[in-house]
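Here is a short note to read beside the structure. Please keep the model open as you go.

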Amino acid sequence: MIKKLDRLIIKAFIGPFLITFLIALFILVMQFFWKYIDDLVGKGLDSFTLLELTGLVTTTWVPIALPLSILLSSIMTFGNLGESFELVAIKSAGIPLLRFMRPLIWITAVLCVAAFLFANYVIPVANLKFETLLQDIQLKKPAFDIKEGVFYNKMPGYTIKISKKDKTGSLIDKIVIFEQNNVLQDNLITADRGVMSLSSDKQTLNFKLVKGIYYQEKGPRYTTGTDFIRLGFQDYTKHFDLSSFAINRSTDSLYKDNAQMLSVRQLSIALDSLHHTSQAFIRNNNLGIRSYLHYNRITHDTTWTQVEARNSRPVSMHTLIPDSLRWSIDERARSSLSGLRSQVDIQQLEYSGMEANIRVHLVEWHRKFSLSVACMVLFLIGAPLGSIIRKGGLGLPLVFAVIFFVIFHLLNTFGEKFARGAQLTPFLGMWLSVFVMLPIGFFLTYKAMQDSQLFNKEFYFRTFKWAQATIARFRRAPDPALEAIAAEKEA
């Protein structure tokens, strides 16, 4: 049975959590559009494509928005209860803080599990579709837009100029059209006026021209015996194919092997394959290097003979080689070393790429767990912090939430960068933010249980006044040694 106290804290938490989650998600989605605004504007995207892109972007930002909303909502919940003295009344009734936090701890644990399942099963599919759609939008041509007095050459095979358009954009005057598909020279069409319209499926642009001339040259190439044709017309209709301006949707299989598009099980399988490939590469690499080291093929039993050790000074290798063979042996050695160096450099680059790919897969594997655990860690920071500051609303709680989340996000970003660059192991890099923030959460929880005045400005003001008074008292205190010397001088 859920007690009334549990209902109170759950009801106080649900509202701020939903609001902050939606606000955080909205801000993160807007950040994406600010970043890619140049790739989206002027492409003539339809409403369905924009809604699909917005939904995919929103889905991919959920793992980041969830910890932030838990942090801010927990600070707001306990800050509101502390500001209204409900938290004081609960503590005065003998109920400890951990007992009061227990229902929210269970809710946060459920959110952690939900965050992991979401990151494991939904995020890979959303990333796959998002990357495919974003790539298709970036490769899409700008929307068809002919301006007055400007040559428009975005349409393949044509350059169009219109001197004037009416307000509706359909009636046009002084039209010039260059057809660039002729091997001799561009065909030219001019007209005094016309009507511009789109077909019902928006795949064809129709120009109905009135009173114009069509110039064309025909004949064999690289000769002077060509025919120049000048054809006048009263009505002429020109059709332009606009299929190249439509967005070409790629298949999702293009990015299916990317580490961000895989679940935990798929990442484990991919890592196992990558490790086997790396070990096989090392074995083949050792065999390839041995082919350049000729002395490895010399066996001890067949070539070397036992000689008695002598107390003599070591001699140079060149003194043991006849003069007639010394130059050829040196050339063979230099050639072998040059080939070996090239082989090692190539294999080093290939092996570095394999290791980087393994690190990327390990980073994505740990990310699915670390971001889920971060929800609980940030709750352990937000709940005691709210009970200490005892301020509700979006003022002071938002300031503290932003500070701690920025620290968490920077640690997470730096850890991922160091892990990808091999400065840290993938495990330590992806769990760095959790390892740093978890002791802070335990410290704040301990201070909240002890009713600490950690963020009480009056406490620091009283401490400062006490220190100032103590220093002043020590300054005014007489020194017995100095008083004795002064008394002797007076005597």
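This is a predicted model: local features need pLDDT of at least 70, side-chain atom pairs count only at pLDDT 80 or more; totals for chains, interfaces and linings use all residues.

1. Residues are numbered from 1 along each chain as its sequence is written, and side-chain values use heavy atoms, with hydrogens and water left out.

2. The protein has 13 helices and five strands. Both are DSSP runs numbered from the N terminus: helices are H or I with at least four residues, strands are E with at least two.

3. Of the 491 residues, 35% count as buried (under 20% relative accessible area, 1.4 Å probe, protein chains only). The accessible surface is about 30600 Å², and 62% of that belongs to carbon and sulfur atoms (Shrake-Rupley method, 1.4 Å probe).

4. Look at helix α4 (residues 62–83) and helix α9 (residues 396–420). Their axes come within 9 Å and cross at roughly 145°. Axes are lines fitted to C-alpha atoms over the stretch in contact, and angles run from 0 to 180 degrees between N-to-C directions.

5. Which residues of α4 and α9 meet? I64, L68, L71, L72, I75 and M76 in α4 meet P397, L398, F400, A401, F404 and F405 in α9. The residues of this contact divide into 12 nonpolar, no polar and no charged.

6. R367 lies in helix α8 (residues 323–389). R367 counts as buried because its relative accessible area is 18%. Leaving aside neighbours within four places in sequence, R367 is in contact (heavy atoms within 4.5 Å) with E416, R420 and M430.

Methods
Ala, Val, Leu, Ile, Met, Phe, Trp, Tyr, Cys and Pro count as nonpolar, Asp, Glu, Lys and Arg as charged, and the others, Gly among them, as polar. Buried means under 20% relative accessible area, exposed over 50%, partly exposed in between (1.4 Å probe, protein chains only).
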